[in-house]
2 protein chains.
Amino acid sequence: MEVKARAPGKIILAGEHAVVHGSTAVAASVNLYTTASVRLPSSSDKDDIVKLQLKDLALEFAWPVSRIKEALGGFVGPISTPTSCPAECLKTIASLVEYQNIPEAKIKLASGVSAFLWLYSSILRFVPVDVAITSELPLGSGLGSSAAFCVAISAALLALSGSVNVDQGHCGWMVCEDELVLLNKWAFEGEKIIHGKPSGIDNTVSTYGSMIKFRSGSLDLIKSNMPLKMLVTNTKVGRNTKALVAGVSERAIRHPDAMISVFNAVDSISKELSILLQSSAHDDMSLTEKEEQLAELTEMNQGLLQCMGVSHGSIETVLRTTSKYELVSKLTGAGGGGCVLTLLPNLLSGTIVDEVIAELESCGFECFIAGIGGKGAEISFNDLA
Amino acid sequence: MEVKARAPGKIILAGEHAVVHGSTAVAASVNLYTTASVRLPSSSDKDDIVKLQLKDLALEFAWPVSRIKEALGGFVGPISTPTSCPAECLKTIASLVEYQNIPEAKIKLASGVSAFLWLYSSILRFVPVDVAITSELPLGSGLGSSAAFCVAISAALLALSGSVNVDQGHCGWMVCEDELVLLNKWAFEGEKIIHGKPSGIDNTVSTYGSMIKFRSGSLDLIKSNMPLKMLVTNTKVGRNTKALVAGVSERAIRHPDAMISVFNAVDSISKELSILLQSSAHDDMSLTEKEEQLAELTEMNQGLLQCMGVSHGSIETVLRTTSKYELVSKLTGAGGGGCVLTLLPNLLSGTIVDEVIAELESCGFECFIAGIGGKGAEISFNDLA
């Protein structure tokens with residue numbers, strides 16, 4: 001039997017950086033997915049092996065189940081109560097990962113492999129499995145690839161373990177509504193292994209889909225009533241998120257009055273944006289008017305991010321290029337490179353979208369057309385017997 | 001006898017647009033001058049003629065003194081009490097200007113010629129003169145060329161009329177300190193003819209030089225203790241100042257909470273900037289540290305202007321170009337084209353400045369290196385006898 005689970009990436013629509021200083025931010029799912037396929041090996045496979053394939057990276061890891069069980073068996077708790085991986089256990093996991101000889105260039109993936117081992121041990125409890133991961137999300141570019149990885153793996157493992165109720169008779173993808181709380185908690189435990197102190201936003205968006213308004217640690221799911229399509233441009237410029245966050249804080253120390261006003265402006269924009277997105281189609285505004293409002297708020301937010309000093313030459317190039325086509329863009333996430341969002345109005349012709357993409361890709365960027373605010377984690381069963 | 005008067009242009013260092021909504025702004029003089037030379041015709045010139053030459057534009061206007069006197073004699077008041085040109089009189093002046101057949105392409109200059117006629121009639125009271133104007137200031141690009149025109153003309157006419165006390169024995173340029181209030185008022189009357197409802201900032205900066213902090217109609221002269229050099233880049237993109245100002249107001253109506261915070265942020269930046277500029281050299285900060293602070297405030301202000309929606313592709317091009325050299329820029333004035341300021345740190349090598357200028361000029365822009373916060377109006381006498 002094979003279980004597939006897919007989980008979407010996320011974008012920050014408004015409020016990145018300012019959220020660290022108490023402002024509201026809005027995140028949304030993006031229909032680029034990470035998919036985890038988990039298969040119980042056929043009975044002809046003699047060896048009890050746990051296999052993890054990262055297909056896009058052409059990496060494959062394998063451990064004898066006995067070895068994992070011996071190392072981690074003493075640490076795992078009940079499936080129904082997701083627990084953090086203890087520091088001691090992290091060391092043990094690290095030795096299991098080291099044993100795999102990850103190429104130096106891909107060493108950042110080690111924490112993802114560690115997260116996998118903790119989720120596998122905690123949820124599936126030492127059953128031999130083949131796990132294959134594929135993803136449409138670029139790594140480390142702020143689209144929540146690590147959270148989608150944790151959500152997809154956790155969802156597939158929970159489904160296979162029978163810990164969540166999923167209608168196996170159903171064809172195609174299905175959402176495991178009732179079990180999302182448990183799924184989200186496990187994914188968060190994986191994120192903690194990868195990121196140390198994640199905000200929980202990425203895994204929550206990836207689990208529940210749609211959009212989330214968040215502020216000072218409190219998250220509210222919001223239901224968008226506005227079909228949103230965006231061009232996501234990956235500048236491929238790597239950045240140091242911690243340094244960017246620290247840079248904004250230092251600027252806020254040097255210029256407290258101005259920066260408090262800037263964070264307040266961002267807070268107002270995020271709140272207005274979330275009201276706009278939730279307003280229904282038969283409200284006063286037409287879709288085109290809503291799109292214009294959204295574009296204006298997006299342009300304003302980008303100006304405020306530039307005011308915080310987190311833009312970058314590559315981001316400005318995307319802005320200049322898209323503005324030639326009268327399209328509005330903003331950075332999403334940490335800035336300093338990473339990804340840029342460009343609003344694509346519903347009535348925009350495909351020809352123009354193609355031209356914009358061609359021009360951006362000629363600068364060496366990578367473009368994705370993405371639907372925003374769609375479904376979260378989904379599961380699909382395949383009876384291979 | 002010939003009197004020359006020169007008056008500088010101005011730049012807005014911080015706070016443009018937000019000042020319309022109650023924020024503080026800071027303006028400074030820029031050492032690009034408009035010069036007015038006023039000469040009493042030699043006694044061999046039989047005809048009583050008033051001649052105005054706009055040398056940079058290769059335009060020359062002439063009126064019989066008798067004609068001007070007949071038209072405007074009934075309207076002028078005392079020199080010591082600058083008065084506004086009455087609406088009726090403006091019509092009469094318009095007919096004097098029309099009579100000159102200004103080329104269609106230069107019709108915008110008509111209001112400047114009208115201002116000249118009012119200042120000439122009020123101050124010199126129908127004496128035949130030759131007036132020649134030259135200017136280093138680009139017209140209509142936000143550098144205060146019209147104010148410098150009014151200040152230079154008023155200063156030269158006041159000096160020639162003997163209404164201000166200037167030490168004629170002195171060589172070179174001299175500042176007529178005591179008479180600046182009168183000069184500024186007359187120049188303001190000229191500005192009103194050109195602009196309708198000017199703020200009074202441009203003529204005040206051009207008259208007094210140095211820097212001015214202004215908010216809700218109140219102006220404070222400030223004395224800078226920081227040598228400032230800037231690259232002023234004229235994008236040569238014409239813009240509609242009224243439409244840009246209206247655009248910001250409309251945005252403020254659509255998004256009041258966010259925009260109030262944006263204006264507050266600008267207010268804080270302007271206040272911080274004016275304290276920074278006034279702090280003396282032996283304060284805690286080195287010049288380099290002060291320059292870094294100034295650069296940061298300038299970058300923040302530019303981000304906020306982008307948030308207001310008054311930037312422009314040409315401005316972004318200047319920003320991108322100068323940022324490659326790690327130089328910080330911001331638009332100055334109305335935005336939507338016009339001029340861009342780039343801070344030139346005192347220790348910056350001339351080679352780099354030359355490279356930046358070459359790159360900007362290859363985009364079709366015009367660059368000036370300018371000292372900021374220098375002298376205001378100055379007068380020089382030349383005894384031609």
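A:Gly350 is partly exposed, at 42% relative accessibility (buried means under 20% relative accessible area, exposed over 50%, partly exposed in between, with a 1.4 Å probe and protein chains only). A:Gly350 sits in helix 11 of chain A, residues 350-362 (helices are DSSP runs of H or I with at least four residues, strands are runs of E with at least two, both numbered from the N terminus). Its C-alpha atom is 26 Å from that of A:Ser141, 209 residues apart along the chain.

This is a predicted model: local features need pLDDT of at least 70, side-chain atom pairs count only at pLDDT 80 or more, and totals for chains, interfaces and linings use all residues. Residues are numbered from 1 along each chain as its sequence is written, chains are lettered from A and ligands numbered from 1 in the order in which they are written, and side-chain values use heavy atoms, with hydrogens and water left out.

**A buried serine**

A:Ser29 belongs to strand 2 of chain A, residues 25-39. A:Ser29 is buried, with a relative accessible area of 1%. A polar atom of its side chain lies 3.0 Å from the backbone oxygen of A:Gly374. Residues that A:Ser29 touches include A:Pro8, A:Val205, A:Gly371 and A:Lys375, leaving aside residues up to four places away in sequence (contact means heavy atoms within 4.5 Å).

**The interface**

Chain B and chain A each put 27 residues into the contact. About 2200 Å² is buried between chain B and chain A, and carbon and sulfur atoms give 55% of that area (buried area is the accessible area, with a 1.4 Å probe, that two parts lose on being put together, summed over both). On the chain B side, B:His255, B:Met300 and B:Arg320 lose the most area to chain A, together 25% of what that side buries.

The rule finds 17 residue pairs in polar contact across this interface, both residues at pLDDT 80 or more (a polar contact is a pair of N or O atoms within 3.5 Å; within protein, one must be able to donate a hydrogen and the other to accept it, and residues adjacent in sequence count only if both atoms are side-chain atoms). Helices 7 (241-254), 8 (256-278), 9 (287-308) and 10 (313-324) of chain B each supply at least two residues of the side that touches chain A. Helix 8 of chain B gives the most, with 10 residues.

Chain B can be laid on chain A with an RMSD of 0.1 Å, by a turn of 179° and a shift of 0.0 Å along the axis (superposed by least squares on the C-alpha atoms of residues with pLDDT of at least 70 in both copies). That is the relation of a two-fold axis. The copies meet through the same surface, because 100% of the interface residues of chain B are also interface residues in chain A.

**Salt bridges**

The structure holds 24 salt bridges over all chains (a side-chain nitrogen of Lys or Arg within 4 Å of a carboxyl oxygen of Asp or Glu). Across the interface of chain B and chain A there are 6.

| Pair | Closest N to O |
|---|---|
| A:Glu299 and B:Arg251 | 2.5 Å |
| A:Glu296 and B:Arg254 | 2.6 Å |

A:Glu296 is buried at 9%, whereas B:Arg254 is partly exposed at 36%. A:Glu299 in helix 9 of chain A and B:Arg251 in helix 7 of chain B also form a pair that crosses between chains. Here A:Glu299 is partly exposed at 28%, and B:Arg251 is buried at 8%.

B:Glu16 lies in the loop between strands 1 and 2 of chain B and B:Lys330 in strand 9, so their pair ties together parts 314 residues apart in sequence. B:Glu16 is buried at 4%. B:Lys330 is buried at 0%. Elsewhere, salt bridges that share partners join A:Arg251, A:Arg254, B:Glu296 and B:Glu299 into one network.
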